[in-house]
Amino acid sequence: MDERAASYFNSGELLGIAQRLIQMPSENPSGTEESVALCIKSILEENGISAELSWAAAGRPNLMAAIEGELPGPVLVYNGHLDVVPAGPYWTKPPFDGLVEDGKLYGRGASDMKSGVAAMLYAAIVLKRSGVPFHGKLILFFNVDEERSNLGMKHFMREEFTADYAVIGEPTDLDACICHKGDGRYRLDTYGISGHTSVVERPDNAIYKMAKLIIGLELLGNEVKRRKHEMLGSASLTVAQIHGGTAPNIVPSHAQIEIDRRVLPGESEEEIYGEIERTAREISAREGFDVRLEQYLYLPPHSLEEHHPLAQTALRIATEITNERKRIKPFLATTEAPFFSVARGIPTLVMGPGSLHRAHTEDEWVDVQELTDASQIYIALALELLQHCESNEGGRL
């Protein structure tokens with residue numbers, strides 16, 4: 001890391017910021033991200049960095065801030081999400097205290113991904129304070145509703161925007177993740193006629209109909225698994241939730257399942273929907289009942305060339321700062337990277353502190369040293385990428 005920037009870096013201050021963000025509950029669903037967004041805005045403005053809020057929905061503001069370089073140049077976006085999954089009841093540590101114990105920071109969002117947000121936020125603060133010269137622009141963009149339906153990112157995508165690079169601070173153990181599967185989500189409904197279970201002689205049972213569909217979808221899932229990708233492994237189709245009926249003595253008039261479909265490069269949105277629709281239609285036609293299929297979410301696969309300067313520069317810097325051999329690898333979950341990489345053609349890397357294996361778990365935590373390393377990596381990466389070079393003249397809002 002640049003010596004002047006290093007002189008302004010205070011790991012205790014960074015830890016305090018991460019603790020403050022954890023102490024602002026932003027569970028999704030049932031909560032909002034407004035308090036944590038306002039907290040970040042206040043921290044930035046205390047450090048001379050103006051920030052703007054843009055509401056995707058009531059109580060759900062995206063936040064954007066920018067630091068301008070001395071001359072025009074490349075545009076780099078640091079992105080993270082402000083929402084976290086619900087804490088749940090089985091913690092042995094307080095989920096919203098920001099407890100530090102044995103070198104670990106505990107709390108909901110410690111790995112996914114308030115540590116990443118804090119590290120990016122503090123990187124911008126250090127660059128602002130130190131006055132280390134660079135060209136172009138560093139943009140912080142922290143959005144709402146990543147964990148459910150991408151309201152924040154969809155709201156942002158209505159604006160005219162481009163950049164030369166984007167980094168998403170999801171938990172990767174500070175490895176450089178260059179690709180991940182896409183994700184399609186579907187609801188499938190069956191219908192029957194309600195009645196008292198003791199007197200209906202020929203029940204029109206929505207759950208029995210759904211059971212036939214589930215068997216067919218399991219067979220389709222077995223076919224889907226045979227599709228492979230060198231880095232990402234197999235595609236998948238999973239019946240992940242089922243709902244039906246109103247009481248044990250009423251014939252169910254409605255049943256619904258939720259289907260999760262993980263998508264490989266080369267598979268299309270239309271192809272995937274068509275396979276599910278065709279399976280459901282063939283079974284329902286044979287058995288003589290109606291179904292309704294709805295796609296309510298689709299994110300395409302994401303990829304970045306392994307030898308792209310963004311990936312290689314981040315890999316080298318992370319290896320130097322952590323003194324560990326960091327890797328190029330796939331990210332095992334799906335992120336919002338395709339909004340940048342696919343929709344806008346922006347080279348995008350996923351790299352952040354924490355582990356995906358600790359995300360969404362009870363007693364979620366991040367290693368405090370990894371939090372420090374992450375922020376130092378983001379500082380060094382920004383200074384190296386934001387130099388003299390051709391740019392897309394991005395960042396137009």
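**Close-up 1. Met113 sits in the loop between β5 (104–106) and α4.** This is a predicted model. The peptide bond that joins Asp112 and Met113 is cis. Its omega is about -15 degrees. Most peptide bonds are trans.

**Close-up 2. A cis peptide bond joins Asn28 and Pro29.** Here omega is about 10 degrees. Where is Pro29? Pro29 lies in the loop between α2 and α3.

**Close-up 3. Helix α3 covers residues 34–46.** The helix has 13 residues. From first C-alpha to last, α3 reaches 18 Å, close to the 18 Å expected at 1.5 Å a residue. Which residues of α3 are buried? They are Val36, Ala37, Cys39, Ile40, Ile43 and Leu44. These residues cover an arc of only 160 degrees around the axis, so they are on the same side of α3. The buried residues of α3 pack against α2 (11–22), β1 (51–57), β2 (60–68), α4 (114–130) and β6 (137–143). Gly48 follows α3, and its phi is positive, near 75 degrees.

**Close-up 4. Helices α2 and α3 cross at roughly 155 degrees.** Two packed helices are described by the angle and the distance between their axes. The axes of α2 and α3 come within 9 Å. Angles over 145 degrees count as roughly antiparallel, and α2 and α3 are therefore roughly antiparallel to each other. From α2, Ile17, Arg20 and Leu21 meet Val36, Cys39, Ile40 and Ile43 of α3. The residues of this contact divide into six nonpolar, no polar and one charged.

**Close-up 5. Helix α8 covers residues 309–322.** Its 14 residues should span 20 Å at 1.5 Å a residue. The end C-alpha atoms of α8 are 20 Å apart, which agrees. Buried residues in α8 are Leu310, Ala311, Thr313, Ala314, Leu315, Ile317, Ala318 and Thr322. What do they pack against? Their partners are β7 (165–168), β8 (176–180), β16 (328–330), β17 (348–350) and α10 (368–385). Asn323 follows α8, with a positive phi near 60 degrees.

**Close-up 6. Asn150 and Asp173 each lie in a loop.** Most residues other than glycine have a negative phi. Asn150 is not a glycine, yet its phi is positive, about 65 degrees. Asn150 is in the loop between β6 and α5 (151–156). Is Asn150 buried or exposed? Its relative accessibility is 3%, so Asn150 counts as buried. Asp173, also not a glycine, has a positive phi of about 60 degrees. Asp173 is found in the loop between β7 and β8. At 25% relative accessibility, Asp173 counts as partly exposed.

Methods. Residues numbered from 1 in each chain as written. Predicted model: local features only at pLDDT ≥ 70, side-chain atom pairs only at ≥ 80, totals over all residues. Heavy atoms only, no water. Helix = DSSP H or I, 4+ residues; strand = E, 2+ residues; numbered from the N terminus. Expected span 1.5 Å × (residues − 1). Buried < 20%, exposed > 50% of the residue type's maximum accessible area, 1.4 Å probe, protein only. Arc of directions from axis to C-beta. Contact = heavy atoms within 4.5 Å. Axes fitted to C-alpha atoms, helices over the stretch in contact; angles between N-to-C directions. Parallel < 35°, antiparallel > 145°, perpendicular 65-115°, else oblique. Nonpolar A, V, L, I, M, F, W, Y, C, P; charged D, E, K, R; others polar.
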